[in-house]
Amino acid sequence: MEKDIFKMNKGVSRRDFMKVSTATMAGMAFGAFNIGFAGAQEKADVVIKKSPMNIIMDSANFPWKVAVKPFKVAPHIFYVGNAWVGCFLIETTKGLVLIDTSIYETLYLVLESIHDIGFNPKDIKKILISHAHIDHDGGAKAIKELTGAEIWLAREELEFKSNSNIPKFTEMFKVIDYEPDCFYDFDNPIVMGDIMIRPKLTPGHTPGTTSFFVDVKDEKGRPLVWAMHGGVGTNTMSDSYFKKTGFPVSLRDQFIRDCEDLKKNHVDICTPSHPAHSNMLQLVPQIRNGFNPFYDPKKWAAFLDERAEFARSVIGK
Ligand SMILES: [Zn+2]
(Lines give C-alpha, C1' and ligand atoms only; values in the text may rest on other atoms or scores of the structure.)
Protein backbone atom coordinates (compact mmCIF):
# COMPACT_ATOMS: atom_id res chain seq x y z
CA MET A 1 0.00 0.00 0.00
CA GLU A 2 2.72 2.41 1.02
CA LYS A 3 4.77 1.40 -2.02
CA ASP A 4 1.91 2.29 -4.36
CA ILE A 5 1.67 5.70 -2.84
CA PHE A 6 5.32 6.34 -3.61
CA LYS A 7 4.87 5.16 -7.20
CA MET A 8 2.16 7.75 -7.63
CA ASN A 9 4.58 10.45 -6.58
CA LYS A 10 7.40 9.95 -9.05
CA GLY A 11 10.45 11.97 -8.33
CA VAL A 12 9.47 12.56 -4.73
CA SER A 13 11.75 10.76 -2.30
CA ARG A 14 10.37 8.87 0.67
CA ARG A 15 11.70 11.53 2.99
CA ASP A 16 10.19 14.30 0.90
CA PHE A 17 6.93 12.46 0.76
CA MET A 18 6.90 12.06 4.51
CA LYS A 19 7.50 15.77 4.75
CA VAL A 20 4.71 16.51 2.30
CA SER A 21 2.35 14.26 4.20
CA THR A 22 3.31 15.90 7.45
CA ALA A 23 3.02 19.27 5.79
CA THR A 24 -0.44 18.34 4.59
CA MET A 25 -1.44 17.57 8.17
CA ALA A 26 0.30 20.72 9.24
CA GLY A 27 -1.69 22.69 6.70
CA MET A 28 -4.86 21.27 8.14
CA ALA A 29 -3.74 22.10 11.64
CA PHE A 30 -2.42 25.56 10.90
CA GLY A 31 -5.18 26.70 8.60
CA ALA A 32 -3.29 26.87 5.35
CA PHE A 33 -6.37 25.60 3.52
CA ASN A 34 -8.69 28.27 4.72
CA ILE A 35 -8.68 30.18 1.50
CA GLY A 36 -9.47 28.34 -1.67
CA PHE A 37 -7.74 25.05 -1.10
CA ALA A 38 -10.60 22.84 -0.04
CA GLY A 39 -9.84 19.25 -0.98
CA ALA A 40 -6.16 19.84 -1.62
CA GLN A 41 -5.25 17.84 1.46
CA GLU A 42 -6.10 14.57 -0.28
CA LYS A 43 -3.54 15.06 -3.05
CA ALA A 44 0.04 15.50 -2.06
CA ASP A 45 1.15 16.29 -5.64
CA VAL A 46 -1.39 19.08 -5.92
CA VAL A 47 -0.29 20.33 -2.55
CA ILE A 48 3.33 20.54 -3.68
CA LYS A 49 2.47 22.74 -6.62
CA LYS A 50 -0.12 24.98 -5.04
CA SER A 51 1.08 27.55 -2.72
CA PRO A 52 0.19 27.63 0.97
CA MET A 53 1.76 24.21 1.43
CA ASN A 54 4.89 25.46 -0.29
CA ILE A 55 5.15 28.22 2.22
CA ILE A 56 4.98 25.78 5.11
CA MET A 57 7.53 23.45 3.56
CA ASP A 58 9.84 26.29 2.61
CA SER A 59 9.62 27.71 6.10
CA ALA A 60 10.89 24.42 7.47
CA ASN A 61 13.46 23.56 4.79
CA PHE A 62 14.45 26.78 3.03
CA PRO A 63 13.47 29.51 5.48
CA TRP A 64 15.23 32.23 3.47
CA LYS A 65 12.57 31.72 0.76
CA VAL A 66 9.85 33.02 3.05
CA ALA A 67 11.78 36.09 4.19
CA VAL A 68 9.80 39.34 4.21
CA LYS A 69 11.40 42.73 4.71
CA PRO A 70 10.18 44.24 7.98
CA PHE A 71 7.75 47.14 7.78
CA LYS A 72 5.83 49.44 10.07
CA VAL A 73 2.13 48.69 10.48
CA ALA A 74 1.28 51.30 13.10
CA PRO A 75 3.13 53.81 15.27
CA HIS A 76 5.61 51.78 17.36
CA ILE A 77 4.47 48.49 15.81
CA PHE A 78 6.42 46.61 13.14
CA TYR A 79 5.92 43.47 11.11
CA VAL A 80 8.90 41.16 11.68
CA GLY A 81 7.28 37.93 10.52
CA ASN A 82 7.64 36.00 7.29
CA ALA A 83 5.42 35.11 4.34
CA TRP A 84 3.68 32.37 6.32
CA VAL A 85 3.42 33.56 9.92
CA GLY A 86 3.00 37.00 11.42
CA CYS A 87 5.26 38.30 14.19
CA PHE A 88 4.89 41.83 15.50
CA LEU A 89 7.39 43.93 17.38
CA ILE A 90 6.20 46.67 19.71
CA GLU A 91 8.60 49.41 20.67
CA THR A 92 8.14 50.84 24.15
CA THR A 93 10.17 53.10 26.43
CA LYS A 94 10.90 50.02 28.58
CA GLY A 95 12.14 47.70 25.86
CA LEU A 96 10.65 45.58 23.11
CA VAL A 97 7.66 43.27 23.08
CA LEU A 98 7.39 40.50 20.52
CA ILE A 99 4.03 39.01 19.61
CA ASP A 100 4.56 35.46 18.31
CA THR A 101 7.87 33.99 17.22
CA SER A 102 7.14 31.82 14.13
CA ILE A 103 8.85 28.43 13.94
CA TYR A 104 12.37 27.84 15.19
CA GLU A 105 13.70 27.50 11.63
CA THR A 106 12.63 31.04 10.70
CA LEU A 107 13.68 32.62 13.97
CA TYR A 108 16.87 34.05 12.54
CA LEU A 109 14.73 36.01 10.07
CA VAL A 110 12.80 37.56 12.96
CA LEU A 111 16.06 38.57 14.65
CA GLU A 112 17.42 39.98 11.40
CA SER A 113 14.24 41.95 10.81
CA ILE A 114 14.39 43.43 14.29
CA HIS A 115 17.99 44.41 13.68
CA ASP A 116 17.16 45.83 10.22
CA ILE A 117 14.63 48.27 11.64
CA GLY A 118 17.21 49.50 14.09
CA PHE A 119 16.54 47.59 17.29
CA ASN A 120 18.62 45.17 19.27
CA PRO A 121 16.83 41.80 19.60
CA LYS A 122 18.38 41.50 23.05
CA ASP A 123 16.06 44.29 24.19
CA ILE A 124 13.04 42.00 23.90
CA LYS A 125 11.55 41.87 27.38
CA LYS A 126 8.30 40.05 26.75
CA ILE A 127 7.27 37.40 24.26
CA LEU A 128 3.50 37.32 23.97
CA ILE A 129 2.21 34.10 22.42
CA SER A 130 -1.17 34.21 20.69
CA HIS A 131 -1.66 30.44 20.95
CA ALA A 132 0.38 27.29 21.39
CA HIS A 133 0.69 26.18 17.78
CA ILE A 134 4.26 25.60 16.67
CA ASP A 135 4.05 28.24 13.92
CA HIS A 136 3.46 30.88 16.60
CA ASP A 137 5.51 29.68 19.55
CA GLY A 138 8.24 27.51 17.96
CA GLY A 139 10.94 30.11 18.63
CA ALA A 140 9.80 31.10 22.12
CA LYS A 141 12.34 29.11 24.13
CA ALA A 142 15.26 30.15 21.91
CA ILE A 143 14.38 33.86 22.14
CA LYS A 144 14.02 33.54 25.87
CA GLU A 145 17.49 31.99 26.07
CA LEU A 146 18.91 34.74 23.90
CA THR A 147 17.29 37.67 25.68
CA GLY A 148 16.01 36.56 29.06
CA ALA A 149 12.53 37.74 28.02
CA GLU A 150 9.43 36.44 29.74
CA ILE A 151 7.14 34.13 27.80
CA TRP A 152 3.46 34.94 28.19
CA LEU A 153 0.60 32.59 27.37
CA ALA A 154 -3.04 32.17 28.32
CA ARG A 155 -3.54 29.82 31.25
CA GLU A 156 -6.42 28.36 29.21
CA GLU A 157 -3.84 27.14 26.68
CA LEU A 158 -1.98 24.81 29.08
CA GLU A 159 -4.33 21.87 28.67
CA PHE A 160 -4.20 22.28 24.92
CA LYS A 161 -0.42 22.46 24.98
CA SER A 162 -0.14 19.14 26.80
CA ASN A 163 -2.96 17.34 24.95
CA SER A 164 -1.50 14.21 23.35
CA ASN A 165 -4.14 14.24 20.61
CA ILE A 166 -2.74 17.45 19.18
CA PRO A 167 -0.12 16.74 16.48
CA LYS A 168 3.29 18.12 17.41
CA PHE A 169 4.89 17.96 13.91
CA THR A 170 8.25 16.91 15.27
CA GLU A 171 8.99 15.26 11.91
CA MET A 172 8.78 18.56 10.13
CA PHE A 173 9.92 21.24 12.55
CA LYS A 174 12.36 21.48 15.39
CA VAL A 175 10.11 21.47 18.42
CA ILE A 176 11.48 22.95 21.64
CA ASP A 177 9.09 22.88 24.54
CA TYR A 178 8.86 25.75 26.99
CA GLU A 179 7.05 26.74 30.12
CA PRO A 180 5.32 30.11 30.15
CA ASP A 181 6.65 32.53 32.75
CA CYS A 182 3.48 34.58 32.99
CA PHE A 183 -0.19 34.14 32.25
CA TYR A 184 -2.36 36.87 30.77
CA ASP A 185 -4.65 38.65 33.16
CA PHE A 186 -7.57 39.43 30.88
CA ASP A 187 -8.89 42.03 33.30
CA ASN A 188 -5.73 44.06 33.29
CA PRO A 189 -3.52 45.40 30.53
CA ILE A 190 0.18 44.69 30.18
CA VAL A 191 1.90 48.01 30.72
CA MET A 192 5.34 48.47 29.22
CA GLY A 193 6.60 52.00 29.68
CA ASP A 194 4.45 54.25 27.51
CA ILE A 195 2.52 51.43 25.82
CA MET A 196 -0.51 49.53 27.05
CA ILE A 197 -1.31 46.14 25.56
CA ARG A 198 -4.77 44.76 26.21
CA PRO A 199 -4.88 40.98 25.83
CA LYS A 200 -8.27 39.41 25.24
CA LEU A 201 -9.19 35.74 25.48
CA THR A 202 -10.70 34.75 22.13
CA PRO A 203 -11.08 30.96 22.13
CA GLY A 204 -12.06 28.89 19.14
CA HIS A 205 -8.97 28.20 17.11
CA THR A 206 -7.54 26.89 20.39
CA PRO A 207 -9.02 27.15 23.91
CA GLY A 208 -6.56 29.86 24.98
CA THR A 209 -6.18 31.87 21.80
CA THR A 210 -5.40 35.42 22.79
CA SER A 211 -5.91 38.58 20.76
CA PHE A 212 -4.17 41.88 21.37
CA PHE A 213 -5.26 45.50 21.31
CA VAL A 214 -2.63 48.20 21.59
CA ASP A 215 -3.26 51.92 22.06
CA VAL A 216 -0.77 54.12 20.25
CA LYS A 217 -0.55 57.70 19.01
CA ASP A 218 0.36 58.83 15.53
CA GLU A 219 2.98 61.49 14.81
CA LYS A 220 0.37 64.21 15.35
CA GLY A 221 -0.56 62.80 18.75
CA ARG A 222 -3.87 61.33 17.61
CA PRO A 223 -4.83 58.10 19.40
CA LEU A 224 -5.05 54.93 17.31
CA VAL A 225 -5.88 51.35 18.16
CA TRP A 226 -4.00 48.47 16.56
CA ALA A 227 -5.32 44.94 16.93
CA MET A 228 -4.37 41.42 16.00
CA HIS A 229 -6.79 38.54 16.40
CA GLY A 230 -4.74 35.67 17.81
CA GLY A 231 -6.18 32.83 15.77
CA VAL A 232 -8.95 32.61 13.21
CA GLY A 233 -8.13 29.34 11.42
CA THR A 234 -11.29 27.26 11.20
CA ASN A 235 -9.29 24.10 10.51
CA THR A 236 -9.43 23.47 14.26
CA MET A 237 -13.14 24.20 14.49
CA SER A 238 -14.59 21.33 12.45
CA ASP A 239 -16.72 18.66 14.13
CA SER A 240 -14.13 16.03 13.24
CA TYR A 241 -11.33 18.03 14.87
CA PHE A 242 -13.31 18.42 18.10
CA LYS A 243 -14.08 14.70 18.07
CA LYS A 244 -10.43 13.83 17.63
CA THR A 245 -9.08 16.18 20.28
CA GLY A 246 -11.88 16.01 22.81
CA PHE A 247 -12.25 19.77 22.98
CA PRO A 248 -15.87 20.96 23.13
CA VAL A 249 -17.72 22.09 20.00
CA SER A 250 -18.86 25.04 22.08
CA LEU A 251 -15.45 26.60 21.33
CA ARG A 252 -16.66 27.22 17.80
CA ASP A 253 -19.93 28.74 19.01
CA GLN A 254 -17.97 31.00 21.26
CA PHE A 255 -15.64 32.01 18.44
CA ILE A 256 -18.63 33.03 16.32
CA ARG A 257 -20.22 34.93 19.22
CA ASP A 258 -16.92 36.62 20.04
CA CYS A 259 -16.47 37.77 16.45
CA GLU A 260 -19.71 39.71 16.85
CA ASP A 261 -18.69 40.99 20.27
CA LEU A 262 -15.19 42.03 19.23
CA LYS A 263 -16.66 44.29 16.58
CA LYS A 264 -17.71 46.61 19.42
CA ASN A 265 -14.03 47.46 19.92
CA HIS A 266 -12.96 50.33 17.75
CA VAL A 267 -9.85 49.35 15.80
CA ASP A 268 -8.09 51.67 13.36
CA ILE A 269 -5.46 49.25 12.13
CA CYS A 270 -5.80 45.49 12.17
CA THR A 271 -3.23 43.07 10.89
CA PRO A 272 -3.60 39.30 10.78
CA SER A 273 -1.67 36.57 12.59
CA HIS A 274 -1.04 35.01 9.17
CA PRO A 275 -0.49 37.25 6.13
CA ALA A 276 -2.72 34.93 4.06
CA HIS A 277 -5.70 35.95 6.17
CA SER A 278 -5.74 39.43 4.65
CA ASN A 279 -4.14 41.52 1.93
CA MET A 280 -1.50 42.91 4.29
CA LEU A 281 1.58 42.00 2.26
CA GLN A 282 0.00 43.32 -0.95
CA LEU A 283 -0.39 46.71 0.72
CA VAL A 284 3.29 47.03 1.63
CA PRO A 285 4.30 48.83 -1.63
CA GLN A 286 1.82 51.58 -0.76
CA ILE A 287 3.66 52.51 2.43
CA ARG A 288 5.05 56.02 2.17
CA ASN A 289 5.70 59.01 4.35
CA GLY A 290 2.48 60.28 5.83
CA PHE A 291 0.39 57.42 4.44
CA ASN A 292 -0.30 54.13 6.17
CA PRO A 293 -2.13 51.68 3.88
CA PHE A 294 -3.03 49.53 6.88
CA TYR A 295 -5.14 52.28 8.41
CA ASP A 296 -8.74 51.27 7.78
CA PRO A 297 -11.26 51.62 10.62
CA LYS A 298 -13.78 49.47 8.71
CA LYS A 299 -11.50 46.51 8.21
CA TRP A 300 -11.71 45.00 11.71
CA ALA A 301 -15.46 44.40 11.56
CA ALA A 302 -15.30 43.13 7.98
CA PHE A 303 -12.49 40.74 8.91
CA LEU A 304 -14.43 39.37 11.89
CA ASP A 305 -17.59 38.93 9.80
CA GLU A 306 -15.62 36.99 7.23
CA ARG A 307 -13.97 34.76 9.82
CA ALA A 308 -17.28 34.05 11.59
CA GLU A 309 -18.68 33.01 8.22
CA PHE A 310 -15.76 30.63 7.71
CA ALA A 311 -16.45 29.14 11.14
CA ARG A 312 -20.14 28.62 10.27
CA SER A 313 -19.09 26.88 7.08
CA VAL A 314 -17.36 24.05 8.99
CA ILE A 315 -20.40 23.19 11.13
CA GLY A 316 -21.20 19.53 10.54
CA LYS A 317 -17.83 18.80 8.92
ZN1 LIG B 1 -2.88 28.08 14.98
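This is a predicted model: local features need pLDDT of at least 70, side-chain atom pairs count only at pLDDT 80 or more; totals for chains, interfaces and linings use all residues.
1. Once neighbours within four places in sequence are set aside, A142 is in contact with Y104, L107 and I176.

2. Is A60 buried or exposed? A60 is buried, because it has 24 other C-beta atoms within 10 Å, and the cut-off for that label is 20 or more.

3. Who are the partners of A60? Apart from neighbours within four places in sequence, A60 is in contact with I103, E105, M172 and F173. For E105, 45 residues apart from A60 along the chain, the C-alpha to C-alpha separation is 5.9 Å.

4. Stepping back to the whole protein, there are 12 helices and 12 strands. Buried residues make up 47% of the 317 residues. Among contacts with a separation of 6 or more, 67% are between residues 24 or more positions apart.

5. Now to helix α10, residues 250-262. Its 13 residues reach 18 Å from first C-alpha to last, close to the 18 Å expected at 1.5 Å a residue. Buried in this helix are L251, R252, F255, D258, C259 and L262. Looking down the axis of α10, the buried residues fall within an arc of 120°, so they line one face of the helix. On the face of α10 turned away from the buried side are the exposed residues S250 and E260.

6. Helix α12 (299-313) is part of what covers the buried residues of α10. The buried residues of α12 are W300, F303, L304, R307, A308, F310 and A311. Their arc around the axis is only 155°, which puts them on the same side of α12. The exposed residues E309 and R312 are carried on the face turned away from that buried side. Cover for the buried residues of α12 includes β11 (223-228), α10 and β12 (269-270).

7. How do α10 and α12 lie relative to each other? Their axes come within 9 Å and cross at roughly 165°. An angle over 145 degrees counts as roughly antiparallel, and the two helices are therefore roughly antiparallel to each other. The crossing of α10 and α12 is left-handed.

8. Finally, the residues at this meeting. From α10 come R252, F255, I256, C259, E260 and L262, and these meet L304, R307, A308, A311 and R312 of α12. If you have the structure open, R252, F255, C259 and L262 are worth a look: they are among the buried residues of α10 and they also meet α12.

Methods:
Residues are numbered from 1 along each chain as its sequence is written. Helices (H or I, at least four residues) and strands (E, at least two) are DSSP runs, numbered from the N terminus. The expected span of a helix is 1.5 Å times one less than its number of residues. A residue is buried if 20 or more other C-beta atoms lie within 10 Å of its own, exposed if 12 or fewer, and partly exposed in between; C-beta atoms are placed from the backbone. The arc is that of the directions from the helix axis to the C-beta atoms. Two residues are in contact if their C-beta atoms, placed from the backbone, lie within 7 Å. Axes are lines fitted to C-alpha atoms, for helices over the stretch in contact, and angles run from 0 to 180 degrees between N-to-C directions. Angles under 35 degrees count as roughly parallel, over 145 as roughly antiparallel, 65 to 115 as roughly perpendicular and the rest as oblique. A crossing is left-handed if the near helix is turned anticlockwise from the far one by less than a right angle, and right-handed if clockwise.
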